[in-house]
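Please keep the sequence and the 3D view open while reading.

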Amino acid sequence: MTLARQSARWRPSELLLPTPAGLFCPPADIYIDPVRPVARALITHGHSDHARAGHGAVLATRETLAIMALRYGEGFSRAQQAVVPGEVIRIGEVDFRFVPAGHVLGSAQIVVESRGLRIVVSGDYKRERDPTCATFEPVPCDIFITEATFGLPVFRHPPAAGEVGKLLESVRLFPERTHIVGAYSLGKAQRVMALIREAGYERPIHIHGAVEKITAFYQAEGVPLGEIHMVAGADRKVLGGEIVICPPSATQDLWARRFPDPVTAFASGWMRIRARARQKGVELPLVISDHADWDDLLATIREVQAGEIWVTHGEADALVHWCGTAGLKARPLHLVGYGDEGEAEDAGEVADAAV
Amino acid sequence: MNRFAWLLDRLAYEPRRNAKLALIVDYLRSTPDPDRGYALAAMTGGLVFRNAKAGLIRALIAERTDPVLFALSYDYVGDLSETVALMWPARHGANAVPHLPEVVQSLREAGKTDLPRLVASWLDALDETGRWALLKLITGALRIGVSSRLAKTAAASLGGVAVDEVEQVWHGLEPPYAELFAWLEGKSPRPEARDPAPFRPVMLSHAIEDGDFDKLDPAEFSAEWKWDGIRVQVASGLRADGSRLTRLYSRTGEDIAVAFPDLVEELTQDGALDGELLVMRESAVQSFNTLQQRLNRKTVTPKMLGEFPAHIRVYDLLVDGDEDIRHLPFEERRERLEAFLSRLASVRFDLSPVIPFQTWEELAAARADPAAAGAGADAEAVEGCMIKRLDSPYLAGRPKGYWWKWKRDARLVDCVLMYAQRGHGKRSSFYSDYTFGVWRSGEGGEELVPVGKAYFGFTDEELLEIDKYVRKNTVNRFGPVREVTHDAGSGLVFEVAFEGLQRSTRHKSGLAMRFPRINRIRWDKPPREADRIETLEAMLPTNG
């Protein structure tokens, strides 16, 4: 009975298994977010640790493909195919479906389903409202593959609006000082701008050259960010009292020191830890993250009702331990190349655009 | 409590000294008594709560969190107070936010049985920043980059007086320092300095560079050995009732007299001396390793007093009888000191000898071979020379142009990184503490044996590089420690500098380094070319 054998349920590792190149799906012969060049890749979102150049064929959301093209050039892979969230793509006998992950514009979870086994690869995700991208949708599944960037109970992100309130309060207190906000150039920077607008701030926001392309793309996609000025052309000396957004590494550069008596802020989930803020010379830490915090990781795991949890990267030990105490089967995948504790931001892009 | 927490929070993130100062001044100006006095006490280390300890906090959090999650979090954050502040299950609005004086008084008065409930109720009422500040206050280690002196400087500026004036009256005062603030704000006269043995801020030296000698005339200077001990100040005077009070201070003004009764009882004259704390046996200075047996102790046994007799090698006199002579030139103070010590006639206090020299070359020769230049059997405890201008007054802090230290050249050895551990505080989450080893012949062939541990000597950029290297080359994990690849062909070589070497039974290698630090990172050097244990053994002092 060949047929019966073929349709026997997969063992999980037959459908998806961790390899040094990334998560691999043998029946479809395709990788998810591979860290090395492969023939065929599915990409969850445009951050450089997940979306790399040099693959054969790439399948991703339209926004993610556009972001990759902005960062690596149009020829970042041999072939590209855009997928609409919700649409089912069948490769071999495996169905793939992209579902919003709420991380950055275009970010998606990938639902991998075959022979009645459903695995959700969540990629990077968050649950907090974000005016710049579609909200995370929980998908019930057998196996949920989660990140754990902030997988420790010390990480509880406060509401982002309150953090932006701190920034605006400081701008009011120090009207002669430039407020330089370090924010990852894809996603965080635009989210901070959108939140600043939601808080009613109407002055132009100034940006570093490294943030320009992605910001223009967000605006073209219909995200209202108000009036944005490039810092490059402006005389930095007259930017006292203004808000400047730049990649995190630029806050420590000579570039930042040319502003009048700058206040250094940094928008990141890491800012919850004082030592982290001090290491970076941050005076105004803003706890704003595009990753789920501890409570949201646990809530999501409960919500998707998976029998088994795989943890890709971050503080896997603590999350796996918690799953054990909650009676859930869980294991760390020890995937390398992602986040490097969540602070991956290619220095190259800053160097390219530094002016 | 919220305002105090806000101050600590701002200070913790403010890197600039002057901005910190402005924050504290502003707080002290705009906050009423007694709140500001308790805040000042917290910043100057003046609040000690006998029953409130880190253990209490650990117990409270243990009742509320999973022990594994707590351990992982603590390892990550690297600071107990902060970990607990972040993990504490919030119950906003549970209670009224407590006031600082109420917290301080309760912490002082509450018994061991009441404290846990009390502290828990405050933690429930406070937000993350408030919890953090409260826990910092309880554990006593603020670690916000504010020294006791900076806090006093802020207080002094309320009254437009020099910080040394505050320092003069300080030891007679108690928190919440109402008298001090009243004086500084011109509402009452200067409080009397009732302390007969107050601390005087010490004078520090600059490291001398080769080029400096060309600008200095040797005839204007005096030189002494720089001893490898602990800098101390000992002050003595009579209380109002005629009894003698003698205090032994560390260089930062911490009173450590209780661990050194053998010294305290010997000073029977009024005055204040500056010198080096050493252990001496049969009039020979012992190694720093030996001295360490007497350090950081709250009590001392008669056995220890017999085995590790403490001495002070005195090099300056600040107060002679009741006369403050800090304004006199060094030469005159030295004469007064000689007379003071000969009157005292105690074997516990001796004079730091002067090194005779006419030219800087002669002094360089003495520094290179202290044993032949008069240090004799004590030469192993010499770590260089002190050079002092004959006309220098005794000034607080590190004034330019008076005193220099000229250390002996550090010794260098190439070692292989073996283990790395996450740092604490500013370096939490970075692998910044390194254990390194050298080669020796073992039973199974060539092997590395650990010879030391260092956590400084590299720049922040180098730390990032090493941290990355550690993460990429981990072969084993033991909690916060990672074993890093170390074999003949692959591994990371450090050029380690150190000041001295001792035999040690506590270390596998039989050796212990003094002040090891990473001098250079030898990315270029294969581990097989690192040094061997024999190289280190040859550097051991001959008398062990």
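Which residue in β5(B) is the bridge partner of Arg231(B)? The partner is Glu276(B). The model in which this pair is found is predicted. The pair belongs to an antiparallel arrangement of strand β3, residues 230-238 of chain B, with strand β5, residues 271-281 of chain B, and seven bridges link the two.

β3(B) also pairs with strand β4 of chain B, which covers residues 244-250. Here too the strands run antiparallel and are joined by seven bridges. One of the pairs is Leu238(B) with Arg244(B) in β4(B). β3(B) and β4(B) form a hairpin, with five residues between the strands. In the turn, Gly242(B) has a positive phi of about 90°.

β5(B) comes up again with helix α16, residues 330-344 of chain B. This helix has 15 residues, and the distance from its first C-alpha to its last is 20 Å, close to the 21 Å expected at 1.5 Å a residue. Which residues of α16(B) are buried? They are Phe330(B), Arg333(B), Arg334(B), Leu337(B) and Phe340(B). These residues lie on the same side of α16(B), because they cover an arc of only 120° around the axis. The spacing follows a general rule: an α-helix has 3.6 residues a turn, so residues three or four places apart point the same way.

The buried residues of α16(B) pack against β5 and also against β2 (221-227), β7 (310-320), β9 (349-351) and β10 (382-389) of chain B. On the face turned away from the buried side, α16(B) carries the exposed residues Glu335(B), Ala339(B), Ser342(B) and Arg343(B). Just after the helix, Ala345(B) takes a positive phi of about 50°.

Helix α2 of chain B, residues 17-30, can be read in a similar order. Its 14 residues should span 20 Å at 1.5 Å a residue, and its end C-alpha atoms are 20 Å apart, so the two values agree. Lys20(B), Ile24(B), Tyr27(B) and Leu28(B) are the buried residues of α2(B). Why are they on the same side of α2(B)? The arc they cover around the axis is only 95°, which puts them there.

Among the elements that cover the buried residues of α2(B) are α1 (2-13), α3 (35-43) and α10 (148-158) of chain B. The face of α2(B) turned away from its buried side carries Asn18(B), Arg29(B) and Ser30(B), which are exposed.

Terms used
Residues are numbered from 1 along each chain as its sequence is written. Chains are lettered from A and ligands numbered from 1 in the order in which they are written. This is a predicted model: local features need pLDDT of at least 70, side-chain atom pairs count only at pLDDT 80 or more; totals for chains, interfaces and linings use all residues. Two strands pair if DSSP finds at least two bridges between them. Helices (H or I, at least four residues) and strands (E, at least two) are DSSP runs, numbered from the N terminus. The expected span of a helix is 1.5 Å times one less than its number of residues. A residue is buried if 20 or more other C-beta atoms lie within 10 Å of its own, exposed if 12 or fewer, and partly exposed in between; C-beta atoms are placed from the backbone. The arc is that of the directions from the helix axis to the C-beta atoms. Two residues are in contact if their C-beta atoms, placed from the backbone, lie within 7 Å.
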